[in-house]
Amino acid sequence: MAAIGIEKDSIDFLKDLSQNNNREWFNAHKDRYLEAHSNIIAFADGLLAEMNKHDRIETPSGKKSVYRIYKDVRFSKEKIPYNQHWSGSFRRATKKLRGGYYFRIEPGNSFVAGGFWGPVPDDMKRIRQDIDANYLDWRKLLANETFVKTFGRLMGAKLGSMPRGYAKDHPAIDLLRYKQFILKHEFTDEEVLSPDFVHRANDIYIKMRPFLDFMSEVLTTDGNGELVV
C-alpha cells in the first residue's frame, strides 16, 4: 500500500482554525476536521510502516501516535480551545532501545524531532557520568557531517548552572548542563505537501538513529559495557 501524503486541506484547516479558534466555528466545520484528522492518521500509519523497516517501534498504530487537537486549558495562560497544529509521537520498543520520535505539522512551523524530552533522575545521572568520562566521543558524534547538515546542533533545555559534583571549568561544561537531548529538522509547507513527505520524514528519523543508539547504549550498559537493564 502506498504511503499517504499530507493533503492541502489538512494544512488549510489549520490556517482557518488559527483565525477562528473557538468552539462555534469548530463545530460548524467539524466535517473538515474529521477529514483532515483521518488524513493525518493515514499519514502516521504510513510513516510508522516505514519506521518499522529500520527500527522497532512499540506504538501500535498511527491513530495511537496522533495527539488530540483539543487543548487542556486548565493550566494554560492561552485559553484557546484547540491546538493549531497536528502532532504525534512514536516510542521505541524494549528497554534496550531508548528515545522517541515526534512530528509536528503546522503552517510555517512543521518539523520532525527525536531524542530524550525528560530523562528521569537515574538516566540523567548516567548520561552525565558518560559525558564526564567520554566527552570526546560525544564531541565526535555531534560534529559528524551528516548530523550537522541534518540537525545543526543538539537542542534542549539546559541548567542555569553546573550540575552538582562537576567543576565549573570542566571541558564539557556545555554538554553537562543539558537536561533534554533533542534533535530537530524543519520542513517548509511545500515539502510537507510533497507526495514523498512520508519518506522525507522517515529519512530524517534514520539519520537520528546513530544518536539514539549511542544514547541507548549509555543508558543500558555500565562502564564495562555490561547490560544493566
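Reader: What makes a set of residues the largest nonpolar core here?
Author: A nonpolar core is a set of buried Ala, Val, Leu, Ile, Met, Phe, Trp, Tyr and Cys residues joined through side-chain atoms within 4.5 Å. The largest such set has 57 residues, and F103, F181 and F211 have the most contacts inside it. Helix α9 (residues 197-220) gives the most to this core, with 11 residues. The model is predicted: local features require pLDDT of at least 70 and side-chain atom pairs 80 or more, whereas totals for chains, interfaces and linings use all residues. Residues are numbered from 1 along each chain as its sequence is written, and side-chain values use heavy atoms, with hydrogens and water left out.

Reader: Which residues does F181 touch, beyond those up to four places away in sequence?
Author: Contact means heavy atoms within 4.5 Å. By that criterion, the partners of F181 include F116, W138, M155, F211 and M215.

Reader: Why is the pair E50 and K53 called a salt bridge?
Author: The term requires a side-chain nitrogen of Lys or Arg within 4 Å of a carboxyl oxygen of Asp or Glu. For E50 and K53 the N to O distance is 3.0 Å, so the pair qualifies. Side chains of opposite charge can pair when their charged atoms come close.

Reader: Are E50 and K53 buried or exposed?
Author: Buried means under 20% relative accessible area, exposed over 50%, and partly exposed in between (1.4 Å probe, protein chains only). E50, at 14%, is therefore buried, whereas K53, at 63%, is exposed.

Reader: What parts of the chain does the salt bridge between R139 and D174 link?
Author: The side chains of R139 and D174 meet at 2.9 Å, N to O. The pair links distant parts of the chain, 35 residues apart: R139 lies in helix α5 (residues 121-142) and D174 in helix α7 (residues 173-176). Helices here are DSSP runs of H or I with at least four residues, strands are runs of E with at least two, and both are numbered from the N terminus. R139 has a relative accessible area of 30% and is partly exposed; D174, at 31%, is partly exposed as well.

Reader: How far apart are the closest N and O atoms of E186 and K184?
Author: They are 3.8 Å apart, and the pair forms a salt bridge. E186 is exposed at 54%, while K184 is partly exposed at 23%. Elsewhere, salt bridges that share partners join D55, R92, R209 and D213 into one network. A search of the whole structure finds 16 salt bridges.

Reader: Why is H170 called buried?
Author: Its relative accessible area is 12%, so H170 is buried. H170 lies in the loop between α6 (145-151) and α7. Leaving aside neighbours within four places in sequence, H170 is in contact with D132, Y135, M162 and L176.
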